[in-house]
Amino acid sequence: MKESSTSGGAGRKQGAASPCAACKLLRRRCSHDCVFAPYFPADEPHKFASVHKVFGASNVNKMLQELPEHHRGDAVSSMVYEANARIRDPVYGCVGAISSLQQQIDVLQAQLAVSQAEVVHMRMRHFSSSPVNQSPENISPPSRHHQSRTPTRSLFGMDMVVDQTNMGMGESLWSSCN
């Protein structure tokens, strides 16, 4: 698309004579002072298409013109993210994605708490059943009193004795990897 004035193409940040993605989608002439051009380049038409579908070109234009130029890039990024989320999930939008991520965090924190409790439990069991200064090389064979206990080596560089008779189905049993 040709510019009618000779200075029209020079004022564009793109430096190209082709219209921005917004003007192309709206089928209008892209002027040198187009508010959309810096944020919706011609090679990324999907960005403006999704934003236009959700917010409308007029509303996006108003929002961009009300903001100082140094905030417009962030605003466009937010609008593109929200528009894409709203297209994927029309009811909840990005709130649905945030909620899903929060649920994953909650599940992972619960798993971490269980794992940390198992580590503490194993350490307490170790300290209550063996001398503190005993090294992995000096572990004595299990006595008749502790026939069901198996010495293992901890991932944390300390000795650990696991009572396998009390382990039920589904309980975690951490053993050494070495």
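## A nonpolar patch on the surface

V91, Y92 and V95 make up a nonpolar patch on the surface, and together they have about 340 Å² of accessible area. Patches take in residues with over 30% relative accessible area and no salt bridge, with like charges joined within 9 Å and nonpolar side chains (Val, Leu, Ile, Met, Phe, Trp, Tyr) joined within 5 Å. Accessible areas come from the Shrake-Rupley method with a 1.4 Å probe, and for residues only the protein chains shown count as cover. Y92 sits in the loop between α4 and α5 (94–129). Y92 counts as exposed because its relative accessibility is 52%; the cut-offs are under 20% relative accessible area for buried, over 50% for exposed, and partly exposed in between (1.4 Å probe, protein chains only).

## The model and its outline

This is a predicted model, in which local features need pLDDT of at least 70 and side-chain atom pairs count only at pLDDT 80 or more, while totals for chains, interfaces and linings use all residues. Residues are numbered from 1 along each chain as its sequence is written, and side-chain values use heavy atoms, with hydrogens and water left out.

The protein has 5 helices and 2 strands, and from the N terminus on their order is α-α-α-α-α-β-β. Helices (H or I, at least four residues) and strands (E, at least two) are DSSP runs, numbered from the N terminus. Of the 178 residues of the protein, 24% count as buried. The protein exposes about 12300 Å², of which carbon and sulfur atoms supply 55%. Among the contacts with a separation of 6 or more, 43% are between residues 24 or more positions apart; a contact means heavy atoms within 4.5 Å.

## The nonpolar core

The largest nonpolar core has 21 residues, and C20, F36, F40 and L64 touch the most other members. Elements giving two or more residues to this core are α1 (21–26), α2 (45–55), α3 (57–66) and α4. The most comes from α4, with 5 residues. A nonpolar core is a set of buried Ala, Val, Leu, Ile, Met, Phe, Trp, Tyr and Cys residues joined through side-chain atoms within 4.5 Å.

F36 is found in the loop between α1 and α2, and F36 is buried because its relative accessible area is 0%. Leaving out residues up to four places away in sequence, F36 touches C20, A22, R28, F48, A57, V60, N61 and L64.

## Aromatic residues

F36, F40 and F48 form one aromatic cluster. A search of the whole structure finds 3 aromatic pairs. Rings of Phe, Tyr and Trp (its six-membered ring) pair if their centres lie within 6.5 Å; planes under 30 degrees apart count as stacked, over 60 as edge-to-face and the rest as tilted.

V76 lies in helix α4, and V76 counts as buried because its relative accessible area is 4%. Apart from neighbours within four places in sequence, V76 is in contact with Y39, F40 and L64. V76 and F36 are 40 residues apart along the chain, and their C-alpha atoms are separated by 9.5 Å.

S50 belongs to helix α2, and S50 is buried because its relative accessible area is 6%. Not counting residues up to four places away in sequence, S50 touches A83, N84 and I87.

## Salt bridges

The structure holds 2 salt bridges, each defined as a side-chain nitrogen of Lys or Arg within 4 Å of a carboxyl oxygen of Asp or Glu. One of them joins E44 and K47 (3.3 Å, N to O). E44 counts as partly exposed because its relative accessible area is 28%.

E82 forms a salt bridge with R86, and the closest N and O atoms are 3.2 Å apart. E82 and R86 both lie in helix α4 (residues 69–88), 4 residues apart, about one turn of the helix. E82 is buried, with a relative accessible area of 17%, whereas R86 is partly exposed, at 27%.

## A positive phi angle

Most residues other than glycine have a negative phi. R27 has a phi near 55 degrees, a positive value in a residue other than glycine. R27 is in the loop between α1 and α2, and R27 counts as exposed because its relative accessibility is 79%.
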